[in-house]
Amino acid sequence: MKSDLSSIFQVILSEGHIFSEHAGFSGKKLRGVGPIQYAVHWLYGVFEPVILRIVDYVLSIRFLTKTVMGRKILYVIASISWFFPHGVVVTTAAAERMVDFVERTEGPKGARIAVGPCVCQMALNRWQEPSKKDMVLLYGADIYYHLNMGYELISAEKAKGLLREFDAAGLVHAVEFCLRSGKWIFVICNCDDKICAPTRIFLHTGKMLFPGPEIVNHDRKLCIGREKCGKCLERCIIGVNFVGDDGKVAVDYDKCMGCGLCVNTCPGKARTMVKRENYRHGHQVPADLLLGKTETVSL
Ligand code: SF4
Ligand code: SF4
């Protein structure tokens, strides 16, 4: 183990890109990312597949997911894992604005966006298309590109096209950051509920994902009901929608994460996204960044 670690540090020291300047988020601005943050995150990237395999093993223990006591233990495990990536759920339009913000970046290396294979799918060797959906940003793009795991640098236009494809495939976008700090934002994950480890932890514990700055607004009068439609029931992987006595769908607003997946596919036009009044994670991912009130950014 000791020699493993020393060889990893040798690789870190030999990787010149660690010491070049990198850009990261900081509220509605950008900031330089130094070699220590870069190296720590690089190490996380190296060990991420192992961590995800451990998480998957934990989630396969029926006692932990199927019993009240087990769920409490799982909740505690998720709570003390605060330093691992957590995410704010966002709509496709908000994710596109995040990409636009990155595109307007000036400073070290300018805009950096890369896409690569979903790390959960790769770690667990469980594949489901679209699988090339890990969209890393700024210093995150530099790290994962250099980890040689199949990432490619892409333009903002291509990134936005991919985000729309992920929406059509029913994937939830989440802006993810480590250490529960917006200074460690590194990726837009595009998650499902079968393979994605953070989403599965969230569905069992309510941890790891946070509601975004938007929430669904549902006009029940316009709903044509489950018998004729029911699309929102399928699209919402969180399980926010339920069928009322009249056969129409209703929404448990307390549970809505604000992904927007149920809006575009609603044939009754019963749904829109509106600003969430009590968005609590603006100190990590500012609402203005996601809802569109930012200028050209530079370091
Ligand atoms: S998708 Fe729209 S019309 Fe269809 S059941 Fe849901 S709310 Fe009603
Ligand atoms: S109700 Fe709609 S916006 Fe809310 S979490 Fe479900 S799919 Fe996403």
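**Burial, sheet order and ligand shells in the predicted model**

Alanine 111 lies in the loop between α5 and β4, where helices (H or I, at least four residues) and strands (E, at least two) are DSSP runs numbered from the N terminus. The structure is a predicted model, in which local features need pLDDT of at least 70 and side-chain atom pairs count only at pLDDT 80 or more, whereas totals for chains, interfaces and linings use all residues. Residues are numbered from 1 along each chain as its sequence is written, while chains are lettered from A and ligands numbered from 1 in the order in which they are written.

With 21 C-beta neighbours inside 10 Å, alanine 111 counts as buried; the term requires 20 or more other C-beta atoms within 10 Å of the residue's own, with 12 or fewer making a residue exposed, values in between making it partly exposed, and C-beta atoms placed from the backbone. When residues up to four places away in sequence are not counted, alanine 111 touches Val102, Glu103, Thr105 and Ala156, a contact being a pair of residues whose C-beta atoms, placed from the backbone, lie within 7 Å. Between alanine 111 and leucine 138, which are 27 residues apart along the chain, the C-alpha separation is 6.5 Å. Leucine 52, in helix α2 (residues 35–59), also counts as buried, with 20 C-beta neighbours inside 10 Å. Its contacts, leaving aside neighbours within four places in sequence, are Val119, Cys120, Ala123, Leu124 and Ala197; leucine 52 and alanine 123 are 71 residues apart in sequence, yet their C-alpha atoms are 6.6 Å apart.

For the protein as a whole, 11 helices and 13 strands are found, and buried residues make up 42% of the 299 residues. Of the contacts between residues at least 6 apart in sequence, 73% join residues at least 24 apart.

Seven strands form an open sheet with mixed pairing, in the order β6-β4-β5-β8-β7-β3-β9, two strands being paired if DSSP finds at least two bridges between them. Its edge strands, β6 (152–153) and β9 (209–210), each pair on one side only. The pairing of β4 with β6 is antiparallel over two bridges, and valine 115 stands opposite glutamate 152 in β6. Elsewhere, strands β1 (residues 22–26) and β2 (residues 29–33) pair in the antiparallel sense over five bridges, with histidine 22 opposite valine 33 in β2. Two residues separate the strands of this hairpin, in which glycine 27 takes a positive phi near 60°.

In helix α8 (residues 156–168), the buried residues are Ala159, Lys160, Leu162, Leu163, Phe166 and Asp167. Viewed down the axis of α8, these residues fall within an arc of 160°, so they line one face of the helix; the arc is that of the directions from the helix axis to the C-beta atoms. They pack against α5 (92–103), β4 (113–116), β5 (134–137), β7 (172–177) and β8 (185–191). After α8 comes glycine 170, whose phi is positive, near 80°.

Ligand 1 is surrounded by 13 residues, the closest being Cys223, Cys229, Cys232, Cys266 and Gly268, where a residue is included if its C-beta atom, placed from the backbone, lies within 6 Å of the molecule. Around ligand 2 there are 14 residues, of which the closest are Cys236, Val240, Cys256, Cys259 and Cys262.

Terms used
Two residues are in contact if their C-beta atoms, placed from the backbone, lie within 7 Å.
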